[in-house]
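Subject: A structure for you to explore

Hi there,

Here is the structure I promised to pass on to you. Please open it and keep it beside you while you read my notes.

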Amino acid sequence: MSRFIPVDRQTDYLLPPSVDEWLPDGHLARFVVDVVEQLDLSTLTRRYMGRGSKAHHPAVLLSLLIYGYATGVVSSRKIERATYDSVAFRYLAANTHPDHDTLATFRRRFLPELEQLFVQVLLLAREMKLLKLGTIALDGTKLKANASKHKALSYGHAKKLEAQFRAEVKALTERAESADKEDAADGMEIPAEIARREARLAAIAEAKAKIEARAEERDATEQAAYQEKVARREAQRKAGKKPRGRDPEPPTGGPRDKDQINFTDPQSRIMPVTGKGFDQCYNAQAAVDTESLLVTHVHVTQATNDKQQVMPLLTAWQGYPETLGKPDHLLGDTGYFSASNIQACHDHGIEPLLAM
């Protein structure tokens, strides 16, 4: 008599299977479905015109995206494959299989509406007594961009290349004039070579303009920080206290030779990464309720450090419904400490707990 459980992949089910029986009661996928069913999705459903073939319901697509993000499956192609391979994803999709184009289009098309649904989830959590805003912790992390840092061009190198290509264009022009604008003896097509270098010069000029625009934004931020330091030291002097250290030096304006732009992903920035030196990244910020551990706000910035990231959080909270309430304390590490951030928290009625 065999001691093994029989393996039978051929016999049909005597009764039709139900997707509701595929997962245990406490599974995260069930919770996602329960939450999404309580959301007001009318702003999404009204956008479907009813023409053409039948569409997947927004509740199904939203459930797949939420569960995918919660479990680390963020690619639309991977989510599509998971609707075949994963029991949880098959349950969420009700045994249908939305393709990756449908998922990606849904995410792009309804991004503003999805942000509003995020607020609805917080309100629902508050009604369920899961969320009680008290102390909110704010922190950031670097997210690697889909671009290589080796595809970046620095301002200093751009100036060198610009001078090099201008010299080459001049030399080729002189050569073309001496050859009476005909192809060189070695077969080189001089007009094509000149056009190629002029195209590179145009690309370099565009890159330099973007770097210079970024430098202007940085100059404004650094100048404001400098004025803040000067004002603080002057206040100490008027109070009869001697400021510590040297007086701050005014910032030097304009682009620096090390300023860079990436040709693959121009919006990303070179940022320090823990244990890995520098990489092409974004700075993602998240504010979390310390009791329920629910995320109450997220945003992504191009700023390398966190000094300027308190105000976006406070501004976002101003747009939240009053029924959600306001936090009492904001918890942050030393990267968020500045006199302006302290003042901003007090102006919004929040006690700052920022490491100095």
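Below is what I found in it, starting with the whole chain and then moving to single residues.

First, a word on how to read the values: this is a predicted model, in which local features need pLDDT of at least 70, side-chain atom pairs count only at pLDDT 80 or more, and totals for chains, interfaces and linings use all residues. Residues are numbered from 1 along each chain as its sequence is written, and side-chain values use heavy atoms, with hydrogens and water left out.

**The whole chain**

The chain has 11 helices and 8 strands; these are DSSP runs numbered from the N terminus, with helices (H or I) of at least four residues and strands (E) of at least two. Its radius of gyration is 29 Å, while a compact globule of 356 residues would have one near 21 Å (taken over C-alpha atoms; the globule rule is 2.2 Å times the number of residues to the power 0.38). The C-alpha trace spans about 90 × 80 × 55 Å along its principal axes. Of the 356 residues, 33% count as buried (buried means under 20% relative accessible area, exposed over 50%, partly exposed in between, with a 1.4 Å probe and protein chains only).

Where does threonine 83 lie? Look in helix H4, residues 76-85. Threonine 83 is buried, with a relative accessible area of 0%. Its contacts (heavy atoms within 4.5 Å) include Leu64, Phe89 and His97, leaving aside residues up to four places away in sequence.

Arginine 30 sits in helix H1, residues 28-37, and is also buried, at 11% relative accessible area. A polar atom of the arginine 30 side chain lies 2.9 Å from the backbone oxygen of proline 24. Arginine 30 and tyrosine 67 are 37 residues apart in sequence, yet 9.9 Å apart in space from C-alpha to C-alpha.

**Salt bridges**

Side chains of opposite charge can pair when their charged atoms come close. How many salt bridges does a search of the whole structure find? The search finds 11, counting a side-chain nitrogen of Lys or Arg within 4 Å of a carboxyl oxygen of Asp or Glu.

One of them joins glutamate 193 and arginine 197 (2.7 Å, N to O). Both residues lie in helix H9 (residues 190-238), 4 residues apart, about one turn of the helix. Arginine 197 is buried, with a relative accessible area of 14%.

Another salt bridge pairs arginine 256 with glutamate 222 (3.0 Å, N to O). Arginine 256 is in the loop between H9 and strand E3 (260-262) and glutamate 222 is in helix H9, so this pair ties together parts that are 34 residues apart in sequence. Arginine 256 is partly exposed at 32%, and glutamate 222 is partly exposed at 25%.

Arginine 233 and aspartate 247 also meet in a salt bridge (3.0 Å, N to O). Because arginine 233 lies in helix H9 and aspartate 247 in the loop between H9 and E3, the pair ties together parts 14 residues apart in sequence. Arginine 233 counts as buried at 12% relative accessibility, whereas aspartate 247 is partly exposed at 46%. Salt bridges with shared partners join Arg233, Glu234, Arg237 and Asp247 into one network.

Happy exploring!

Methods: Polar contact = N/O pair within 3.5 Å; in protein donor to acceptor, adjacent residues only side chain to side chain.
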